[in-house]
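Please look over the model shown here. The report below goes through its metal sites, the strands around them and a pocket.

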Amino acid sequence: NAQGTRWNKNIITYSIGRYTRDLPRSTVDFLLETAFRVWARASSLTFVRMHSHNADIMVEFVTSDHGDLYPFDGPRGTLAHAFGPGLGVGGDTHFDDDERWTTGKTGFNLHVVAAHEFGHALGLKHSRNPESLMYPTYKSSRGASLLASEDVANINTLY
Ligand SMILES: COc1ccc(S(=O)(=O)[C@H](CC(=O)O)C(F)F)cc1
Ligand SMILES: [Zn+2]
Ligand SMILES: [Zn+2]
């Protein structure tokens, strides 16, 4: 997989802006923190949550046109998107709040989608391997260990 750009540091900050009303805030915080931890465990990266718009990765739940060139599309279709590493909008990760975000197998599992999006925010592209977390289509039935060996190899090639 051709990898995109990368962060030029190993400590990466994130901040959570607008939340979804589908889940308690504490649950959203936990699902996002554990989605970052998936990548931290597989690499030399550390993620630190801030409460500031100056964080590297700004995470928000938004709908339709939300101020970037990639408006969301209502229920289903595009679930989320993330910009590759870089200043400003770089790394920022947006979740379509017209989806139903859940912790389980109904709706869309926020932990699984977030882990995939954060892969993009770190510079990973899609994989053609259906076992990979970076495979382009959503599967709620992902195993406990979200990352395939290919994902671990790719993040360690990049960092
Ligand atoms: C497994 O995680 C995801 C799979 C597919 C998506 S998506 O269907 O929103 C995808 C966006 C993406 O690949 O990040 C699509 F192109 F819009 C998001 C997360
Ligand atoms: Zn966006
Ligand atoms: Zn993707």
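The sections that follow take each topic in turn.

## Basis

This is a predicted model. The values below are computed from its atoms.

## Zinc ion (ligand 2)

Four residues coordinate the zinc ion (ligand 2). They are H66 through NE2, D68 through OD, H81 through NE2 and H94 through ND1. The distances run from 1.9 to 2.1 Å. Angles among the four donor atoms span 98 to 121°, and the site is tetrahedral. For comparison, ideal angles for four tetrahedral donors are 109.5 degrees. Along the sequence, the donor residues follow the spacing H-x1-D-x12-H-x12-H.

H66 sits in the loop between β3 (57-62) and β4 (80-82), while H81 belongs to strand β4, so this pair ties together parts 15 residues apart in sequence.

## Strands around the site

Strand β5 covers residues 93-96. T93 and F95 point one way from β5, and H94 and D96 point the other way. All four are buried. In general, side chains in a regular strand alternate between the two faces of the sheet.

β5 pairs with two strands named here. With β3 it runs parallel, over four bridges. E60 has H94 in β5 as its bridge partner. With β4 it runs antiparallel, joined by three bridges. In that pairing, H81 stands opposite H94.

## Zinc ion (ligand 3)

The zinc ion (ligand 3) is coordinated by H116, H120 and H126, each through NE2, at 2.0 Å. Their spacing along the chain is H-x3-H-x5-H. H116 and H120 lie four residues apart in helix α2, so about one helical turn separates them. Both H116 and H120 are buried.

## Largest pocket

The largest pocket has a volume of about 210 Å³. It is lined by 17 residues. Closest to its centre are H116, E117, P136, T137 and Y138.

Which helix gives the most to the lining of the largest pocket? Helix α2 (residues 110-121) does, with five residues. By class, the lining has eight nonpolar, six polar and three charged residues.

Technical notes. Residues numbered from 1 in each chain as written. Chains lettered and ligands numbered in written order. Predicted model: local features only at pLDDT ≥ 70, side-chain atom pairs only at ≥ 80, totals over all residues. Heavy atoms only, no water. Donors = N, O, S within 2.8 Å, 3.2 Å for Na, K, Ca; no water. Tetrahedral: all angles 85-135°; square planar, octahedral: opposite > 155°, others 65-115°. Buried < 20%, exposed > 50% of the residue type's maximum accessible area, 1.4 Å probe, protein only. Pairing = 2+ DSSP bridges. 1 Å grid on protein atoms, 1.4 Å probe; cavity = no way out; pocket = protein on both sides within 12 Å on 5 of 7 lines; lining within 4 Å. Points joined across faces, edges and corners; volume = space filled by probe spheres on them. Nonpolar A, V, L, I, M, F, W, Y, C, P; charged D, E, K, R; others polar.
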